[in-house]
Amino acid sequence: MSIRYTITPSNPVAHIYSVTCTVNQPDPSGQILSMPTWIPGSYMIRDFARNIISIKALCNNQSVDLHKLDKTTWQSAPVNGPLEVHYTVYAWDLSVRTAHLDQTHAYFNGSSVFLAVQGLTDVEHKVTLHSPEGKDFTNWTVLTTLTKQSVDNRGFGTYVTRDYEELIDHPVEIGQPTYFEFKVADIPHKVALTGQHRCDAQRLQTDLQKICQTHINLYGELPAINQYLFQVMVTGNGYGGLEHRSSTSLVCSRKDLPLAGHPEEPEDDYRNFLGLCSHEYFHTWNVKQIKPEVFLPYNLRHETHTTLLWAFEGFTAYYDELALVRSGVISEESYLDLLGQTITRVQRGTGRLLQSLAESSFDAWTKFYKQDESAPNTIVSYYTKGALFALCLDLKIRSQTSHRHSLDDVMRRLWQEHGKPCIGVPEGKIEHIASEVAGTDLHDFFADYVYATKELPLAELLATMGIVFNMRSAITLDDKGGKPARKDQEICSLDARVSADKVGAKLIQVLTGGNAERAGLSAGDVIIAVNNLQVEKANLESEIASYPVGSRITLHAFRRDELMQFDVTLQAAEKTTCYLTLDSQAAESTFKHRQRWLGLINE
Ligand code: ZN
C-alpha cells in the first residue's frame, strides 16, 4: 500500500505544475486531503493550498465530487476503487520555502505541491517526476536527495519515501545547474548552483569541505544519511536558506560567491555565504534530528508553538560562525568582527528589553516572521540573541569547569540522548543538561537570559577569553559594527534607518528614544530639509552628524502628502555599536583557553 503522485512542470511559461495523487484504498466515507499550511523550518502560516488553481477527482475514469471543507482541505465523495486527484499548482515564488517554475528551471518543496492523504500519511509514498515537454527541456536534469526507485539518466522517474513527512523534506530542483561533488566522512556531498554565476568551484569546495568536517567532528558522526546536497539558487540580490534532513535549499546573491583569485581571507559577502551553508548543515543535527518535543510529529495544519527556537536557531547561529574559525576558513580577527556585528544587531534594538528569547520563540509565527517597522523596538531575534546566549553559555560552562567542558558537550548529549534516538527535547531539558555538564545549577542563568530580559553578561564572559568588549556610537544604522570607528567621538545621529526616496530620505525604522523619535518623526516620513536646506539620503546622516551635541535643529518632512515641521535638540548617539579586541595583557593560560575554544590549537 502506497500513496502515489506524479508531478509535471506542465506549463513553465505560466508557472504551472500538474500533479496527480492516487489513493488505492481511500477512506470509504470519503477521502480527506489537505495541503500543509506551513513548511518545517519556517514558522509562519503560508496556506500553500492558495496556489492550487484547479482540482478534480476521478475514480475508474468517472468524475467524483470533491467538496472543499476549509481553506486547505478537500473531501471526496465515497468511492468504490482507487481515487485519483488531479490538480494544478501555480508556482511563481523564488524562495526556498515554496515552489518556482519558468523556462530556466523548476524548483519545489513537497509541502507546496503534494496533498496529504488524511489517515495515510504514515504509509510509503512514491512520486514520479516527469520532464516538461518540448525540445527546450531535453537538457534538464533532476537534483534531489529523494531515494530513487527507477529513474532515467536525467533523474526523471520514480522516487520512494517512507512517509509523507519524508516526501516533503527533499526539495527538488530540475534544470541545468552546474555542480561539484566531494566527500566528507565517506558520504558524498554535492553542491548544485542554479542561475548565472562565475563561482570558483574549487575554492568553495575546499572551504565547504572543512566546514562540514568541523561540524561532524563536534558531534562525532553524521546522522544516518547517504548523501547531502547544497542546492543553491544564484540571483542578483537574494539571501536565505532552509534546512532539510539530507539537503538544504539556499538562495544567494551572485556577489556572495567567490571568483577565481578570491583572497585567502574570505571577504564579507563570501563569509556570509559560508556562514549560511554552515548554518544549514549544522541543522542536519540541530532541529532536523534534535527537535522540540512538539515537532514530533509536525502538525502542518496549525501553528506549533515552542519556546525553544533560541536553542534550535540561536545555537545553530552560534555554531555556524564558530565553525568558520574552527575549520580555519576565517581568521580569529574575522571571527571577532562577526561576533561584534551580531552583538551590534542585538544591542541596537530596545526590543531585547521587552521580549525574552522564550517569548520571541513562542511568538515567531506572528512577530518574528511578520516584522513591521516597529521590530527593533518591540521584539528580539531568537537567532542573533540566541547566538549570543549560546556564546555566554559556552563561556560560562568553560569557566565553571576550568575549561574542561563546554557547550560542545551539551550539543553532544542532546545528539546522543535526543537526536540519534529521535526523542523530542521537552521544554526545560536543555538547562538541565547544561547544568549537569557545568557541574553547577544553571537554572538562574537561563531564567535571567532566556526567560527574562536581563542584559547578557557579554563583557564579563568575553574577558575570560582575553577579549575586550568595546561599544561606540555610529552615524548611520548601515554601520554594522565589528570594527572600531576611524574617529571615536561623541556624535549625533538620527537613530533611524533611512532609505532613498524620490524627494528626500525616507525613515524605515525609528528607534525608541532616539533623535528622530524625540523630534516627533515616524517611520514612513520623508525628510526633505535640515535647517531649511534640502537633504537626501546620501547626505542626511552626515548633515545631522555635523551638528554638535545639544544643537537645536529644524527638520521638514512629508507625512503622506502633508508637509510637517519638527524641532529637536540633538542628543549624543547611544553607544550601541560593538567591536571586540584582544587583551594583550591577558595571561598565557587565557590565550591558550581562547585558542582551544576557537580550534586554533588541539590539545
Ligand atoms: Zn536556521
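In helix α11, the buried residues are Ile 430, Glu 431, Ile 433, Ala 434, Ser 435, Val 437 and Ala 438. Buried here means under 20% relative accessible area, exposed means over 50%, and partly exposed lies in between (1.4 Å probe, protein chains only). The structure is a predicted model, in which local features need pLDDT of at least 70, side-chain atom pairs count only at pLDDT 80 or more, and totals for chains, interfaces and linings use all residues. Residues are numbered from 1 along each chain as its sequence is written, and side-chain values use heavy atoms, with hydrogens and water left out.

Just after α11, Gly 439 adopts a positive phi of about 70°.

## Overall architecture

The chain contains 16 helices and 29 strands; helices (H or I, at least four residues) and strands (E, at least two) are DSSP runs, numbered from the N terminus. The radius of gyration is 26 Å, close to the 25 Å that the globule rule gives for 603 residues, so the chain is as compact as a globular protein of that length. This radius is taken over C-alpha atoms, and the rule is 2.2 Å times the number of residues to the power 0.38. Along its principal axes, the C-alpha trace spans about 80 × 65 × 50 Å.

Of the 603 residues in the chain, 57% are buried. Among contacts (heavy atoms within 4.5 Å) with a separation of 6 or more, 68% are between residues 24 or more positions apart. The chain exposes about 25000 Å², of which carbon and sulfur atoms supply 47%; accessible areas come from the Shrake-Rupley method with a 1.4 Å probe, and for residues only the protein chains shown count as cover.

## The zinc site

The protein donors of the zinc ion are His 279 (NE2), His 283 (NE2) and Glu 313 (OE), lying 2.0 Å from the ion. Donors are N, O and S atoms within 2.8 Å of the metal (3.2 Å for Na, K and Ca); water is not among the atoms, so sites may look incomplete. The donor residues are spaced H-x3-H-x29-E in sequence. His 283 lies in the loop between α4 (268–282) and α5 (309–326), and Glu 313 in helix α5, so the pair ties together parts that are 30 residues apart in sequence. Both His 283 and Glu 313 are buried.

Leaving aside neighbours within four places in sequence, Phe 315 is in contact with residues including Phe 282, Trp 310, Phe 389, Met 411 and Ile 430. Phe 315 and Phe 389 are 74 residues apart in sequence and 8.1 Å apart in space, C-alpha to C-alpha.

Thr 342 is in helix α6 (residues 332–347) and is buried, with a relative accessible area of 5%. Leaving aside neighbours within four places in sequence, Thr 342 is in contact with Glu 321, Thr 384 and Leu 388.

## Asp 583

Asp 583 is in the loop between β29 (577–582) and α16 (588–597). With a relative accessible area of 31%, Asp 583 is partly exposed. Leaving aside neighbours within four places in sequence, Asp 583 is in contact with Gly 466 and Val 468.
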